[in-house]
Structure formats: C-alpha cells, structure tokens
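Let's take a walk through this structure together, from the overall outline down to single residues. Keep the viewer open as you read.

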Amino acid sequence: MIDKINALRAELAALAANGEGADVEALRIKYLSKKGAISALMNDFRNVAAEQKRELGQALNELKNFATDTINSLREAAEAGRAKADVPDLTRTAAPVALGTRHPLSLVREQIIDIFRRLGFTIAEGPEIEDDWHVFESLNFAADHPARDMQDTFFIGRNPDVLLRTHTSSVQTRVMTSQKPPIRIICPGRVYRNEAISARAHCFFHQLEALYVDHNVTFADLRQTLLYFAREMFGPQTEIRLRPSYFPFTEPSAEMDISCNLCGGKGCSFCKGTGWVEILGCGMVDPNVLEACGIDSKEYTGFALGMGIERITNLKYQVKDLRMFSENDVRFLEEFTAAK
C-alpha cells in the first residue's frame with residue numbers, strides 16, 4: 001500500500017510542476033472524489049494490519065492534503081489566466097488599426113542628414129520665432145535692402161523685430177556668434193513665408209541648410225560637397241551644374257542644377273526639355289556676414305548651401321502637389337510603406 005501512496009504522490013508532484021492548462025475539475029474527480037484514487041486507498045486502509053495503521057494513516061492524510069493543495073493551486077492559476085484573458089485592452093481603438101509609416105518628408109530629411117553626417121557635419125537647431133537681427137540684418141540684409149522683398153514675412157503682432165523665420169540661416173548666425181571656427185553644421189527645420197497656398201507653394205515648408213567655416217575653405221570644396229551629395233541622393237550617374245545667382249549672404253552665389261533623374265539629362269516634360277532640374281542655392285559666405293557674427297573674415301572663409309526638403313522629395317517621389325505633404329491623407333501616406 002505504501003508503494004501506491006508514493007506513486008500517487010509522484011503523479012501529483014508532476015502535476016504541480018507541469019500542470020499548466022490542465023483540466024482542474026477532471027483532476028479533482030480523479031484524485032479527490034468519492035470514487036477517486038485517494039478514496040480507494042482509504043477503503044483499502046480498513047484491511048491494513050493494526051501495527052501498520054498509524055504509519056499508513058499518517059501517509060494517507062499527508063497524501064490527501066498534498067492532493068488538495070495541488071488541485072487548489074492549479075485552479076487558482078487557471079482562474080488568474082482566464083481573468084487576464086478576459087480583461088479588455090482599454091488603450092485599443094474599437095476597430096483594428098494598421099501600423100503607420102514614416103512621412104515622406106521625414107524619410108527624405110533623414111536621408112539628407114545621413115549624407116552630410118558622413119561628411120562630418122553635425123545638426124544645429126534654433127527657434128522658429130526669431131528676431132530681425134538673426135534672420136535678416138546679420139545676413140547682410142540692410143533695413144532697406146531690396147532682397148527683403150524676396151521673402152514675404154510673418155511678423156508677430158505689431159512688432160517688426162519679432163517674426164517667424166523665413167529660412168534656417170538664422171540658425172547659422174546663432175552658431176557663428178556662439179562658437180569659434182571650425183564650424184561644420186547642417187540646420188534642418190520648418191520655415192514660414194506669407195504666400196498663397198497652391199500646388200506649387202505653401203505658407204510653411206521645410207529647409208535644410210549647411211555651413212562650413214574654417215581656414216582656406218574654397219569654392220572647390222563647395223562644388224565637391226555638392227557633387228557628393230547629388231550622387232548619394234539621386235544616384236552615381238548624376239551630374240551637377242552651377243549657375244551664377246545672387247543671395248545677400250553669399251558672394252559669389254550660385255544655383256545648383258542636377259541632371260534630370262527621370263530622363264537622364266536627355267530632356268523630358270519634367271525638366272521642361274532642358275535635361276536639368278534646379279534643387280538648391282549656395283555660395284561662399286559673404287565676409288560681411290562673418291564679421292557681423294564676430295568671425296575674422298581675413299582669417300576664415302566658408303561656404304553655405306540651402307535646399308527645400310519638399311523640393312528634394314518631389315524629385316525623388318514625383319509628388320506634384322505640395323499640399324499633399326500637410327493634409328495627412330492616409331491614402332497618400334500609405335504609398336510610402338515600402339520606403340520605411
């Protein structure tokens with residue numbers, strides 16, 4: 001009989017260790033019911049010799065208590081599992097929601113940043129609400145400079161000295177006034193201009209500008225940086241050309257075109273048959289800007305460049321309407337699922 005008691009105890013011990021998910025009621029009936037295994041041993045106990053009753057009785061009681069504790073533990077574990085499964089996730093919406101995707105402007109912005117990081121540039125950021133000195137005056141815009149008419153500005157209240165920045169060049173002046181050369185930064189951010197919203201223009205958009213100031217920085221350094229960027233962004237076959245232009249804060253200044261990435265420079269409707277597409281402005285930092293920011297223009301030179309992220313995104317994904325970038329139309333955003 002002691003062998004049967006030990007065998008049942010071993011079975012119960014195995015259940016305690018590996019009984020997760022077991023049918024607890026079926027186990028209770030098997031071991032603890034009136035017709036169960038332990039009751040059968042109790043019936044056999046009547047036929048045990050008197051000198052063995054004390055030892056076997058104690059063993060039977062211990063077996064019954066162990067069986068009861070084991071079944072109760074399994075029942076509590078099963079009930080806890082059911083309760084956890086029944087509790088609804090209150091953070092979920094009523095209907096299933098598909099995973100989101102990166103915004104195309106974010107995708108292109110990170111790609112541009114990664115290219116310039118490989119060239120040793122670091123990110124600099126500044127406020128979107130700025131003062132006139134950082135946005136205009138320090139960048140060689142005199143109070144009556146006609147170049148101010150090129151940028152329709154949002155002023156804050158009636159104070160002509162407080163405005164929404166029209167370009168991220170204000171970040172460059174903040175860095176130049178607080179940091180000594182060498183300076184090698186990129187300034188991504190949102191800018192604002194008082195323009196009518198259409199498929200080709202918006203009252204806010206995103207820019208990324210780059211600035212490099214050090215000893216003996218030349219226009220050749222600028223051109224090589226631009227060529228590297230263009231080929232990393234649009235493919236190794238891309239060619240660039242620089243056309244003379246004018247910006248108050250650079251001299252000499254240039255507009256940069258790339259060979260059309262749709263027709264390979266042969267001419268198409270996208271590039272208007274020229275084979276070239278304009279993507280950014282650039283130039284050597286004007287000595288007046290360096291001096292205004294406390295940098296000796298006789299000792300240091302530098303170059304700057306700036307591009308619209310929407311413009312680069314249009315070239316990369318052929319998005320023809322700028323308004324689509326800010327309307328948050330899920331159908332539009334889902335087109336970039338594979339571009340994550």
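What percentage of the 340 residues in the chain do buried residues make up? Buried residues make up 42% of them, where buried means under 20% relative accessible area, exposed means over 50%, and partly exposed lies in between, using a 1.4 Å probe and protein chains only. Please bear in mind that this is a predicted model: local features need pLDDT of at least 70, side-chain atom pairs count only at pLDDT 80 or more, and totals for chains, interfaces and linings use all residues. Residues are numbered from 1 along each chain as its sequence is written, and side-chain values use heavy atoms, with hydrogens and water left out.

Let's begin with the outline. The chain holds 11 helices and 9 strands; these are DSSP runs numbered from the N terminus, with helices being H or I of at least four residues and strands E of at least two. The chain is more spread out than a compact globule, because its radius of gyration is 38 Å, well over the 20 Å that the globule rule gives for 340 residues. That radius is taken over C-alpha atoms, and the rule is 2.2 Å times the number of residues to the power 0.38. Along its principal axes, the C-alpha trace spans about 120 × 45 × 45 Å.

Gln52 lies in helix α4, which covers residues 50-86. The C-alpha atoms of Gln52 and Ala98 are 46 residues apart along the chain and separated by 70 Å. Gln52 is partly exposed, with a relative accessible area of 40%.

Now for contacts and surface. Contact here means heavy atoms within 4.5 Å. Among contacts between residues at least 6 apart in sequence, 67% join residues at least 24 apart. The chain exposes about 19,300 Å², and carbon and sulfur atoms supply 51% of that area; accessible areas come from the Shrake-Rupley method with a 1.4 Å probe, and for residues only the protein chains shown count as cover.

Next, turn to helix α10, residues 309-317, where the buried residues are Ile309, Glu310, Ile312, Thr313, Asn314 and Leu315. What covers the buried residues of α10? The cover includes helices α5 (104-117) and α8 (219-234), together with strands β5 (204-214), β7 (250-259), β8 (276-285) and β9 (301-308). Just after α10, Gln318 takes a positive phi of about 55 degrees.

One of those covering helices, α5, contains Ile113. At 1% relative accessibility, Ile113 counts as buried. Leaving aside neighbours within four places in sequence, Ile113 is in contact with Ile123, Ile186, Pro188 and Leu208. The C-alpha atoms of Ile113 and Cys187 are separated by 9.3 Å, though the two residues are 74 apart along the chain.

How many disulfides does a search of the whole structure find? The search finds 0, a disulfide being a pair of cysteine sulfur atoms within 2.5 Å. For Cys293, the closest cysteine sulfur is in Cys187, 12 Å away, so the two are too far apart for a bond. Cys293 is buried, with a relative accessible area of 5%.

Apart from neighbours within four places in sequence, Ser170 is in contact with Glu130, His134, Val135, Leu139 and Arg165.

Finally, look at some backbone details. Most residues other than glycine have a negative phi, and most peptide bonds are trans. The peptide bond from Pro181 to Pro182 is cis, with omega near 10 degrees, and Pro182 lies in the loop between α7 and β4 (183-192). The bond from Glu251 to Pro252 is also cis, with omega near 0 degrees; Pro252 sits in strand β7.

Asn140 is not a glycine, yet its phi is positive at about 75 degrees. Asn140 is found in the loop between α6 (132-135) and β3 (162-164), and at 25% relative accessibility it counts as partly exposed. Asn216 also has a positive phi, near 60 degrees. Asn216 belongs to the loop between β5 and α8, and at 67% relative accessibility it counts as exposed.
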